[in-house]
Amino acid sequence: MRIILLGAPGAGKGTQAQFLMNKYGIPQISTGDMLRAAIKEGSALGLAAKQVMDAGQLVSDDLIIGLVKERISKEDCAKGFLLDGFPRTIPQADAMKANGVVVDHVIEFDVPDDVIVERMSGRRVHPASGRVYHVSYNPPKVEGKDDLTGEDLVIREDDKEETVRKRLGIYHEQTELLVGYYRQEAEQGRTQYHHMMGTLPVEQVSAQLEALLG
Ligand code: AP5
């Protein structure tokens, strides 16, 4: 099962990726998490990505395409994977197609910008695992601590309102074009496209995904 999770920053892709990963036993491939790990390691990739990400811009297509290509060739992706945050531009989607990667489902999470800005102000993350919480809508069992490891949760650098609004602008300019792109792919029988209301509570979105994917 190869799935693309599509939606604006903060639409709930990472939250539902954790649910799907546990449910179907396929790995989550989050390009954002991979880049943040590279920044933490201080690798050349991390150095190139940090300024761009902090400014809410997109990292270059070439860099991201290489990263994803290498990741999906690993053994744990043989039975499928969840792409969270990729593709984000038409050239990224075209590169995947040109490499013969067939996608079974594209799932769009639809959430208005104002809801997103409000959500991001309460987001807390566990960087090591990619688990995501919200202080009100999806709180951890113990305030400020990850449920499984008890480690500290952090606020992401790019969750400041100004940066979130910039990221939303880029989403509408560049990534939203993929809605039309994948709807067309679905019309031509190359994938299945699903539109979901990402404004529903977390558990309801998960239940709908489960019903959809079986
Ligand atoms: P990335 O890490 O991918 O960020 P993003 O796409 O902007 O998405 P987020 O992780 O911010 O949001 P999400 O949809 O996963 O929402 P979440 O589940 O956390 O990318 C970061 C940066 O890396 C980019 O800006 C770019 O620079 C670079 N980058 C990454 N990929 C790239 C690519 N392919 N090309 C170029 N550059 C790339 O939820 C948000 C909050 O809402 C949480 O607090 C959560 O608990 C809460 N929540 C979730 N669902 C619900 C719900 N149903 N109801 C209420 N609250 C909810």
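Which residues in α6 meet which residues in α7? The first view gives the reply. This is a predicted model, in which local features need pLDDT of at least 70, side-chain atom pairs count only at pLDDT 80 or more, and totals for chains, interfaces and linings use all residues. Residues are numbered from 1 along each chain as its sequence is written, and side-chain values use heavy atoms, with hydrogens and water left out.

**View 1. Helix α6 (residues 113–121) packs with helix α7 (residues 161–175).** D113, D114, I116, V117 and M120 in α6 meet E161, V164, R165, R167, L168 and H172 in α7. Contact means heavy atoms within 4.5 Å. The contact residues divide into five nonpolar, one polar and five charged. The helices are DSSP runs (H or I, at least four residues), as are strands (E, at least two), numbered from the N terminus. The helix axes lie 10 Å apart, at an angle of about 140 degrees. Axes are lines fitted to C-alpha atoms, for helices over the stretch in contact, and angles run from 0 to 180 degrees between N-to-C directions.

**View 2. Five strands form an open sheet.** Their order is β2-β3-β1-β4-β7, with parallel pairing. Strands pair if DSSP finds at least two bridges between them. The edge strands, β2 (28–30) and β7 (192–197), each pair on one side only. The twist averages 20 degrees from one strand to the next.

**View 3. Strand β4 (residues 105–110) runs parallel to β7.** Six bridges join the two strands. F109 has M196 in β7 as its bridge partner.

**View 4. Y182 has several contacts beyond its neighbours within four places in sequence.** Among them are I4, P87, M96 and Y193.

Terms used. Nonpolar A, V, L, I, M, F, W, Y, C, P; charged D, E, K, R; others polar.
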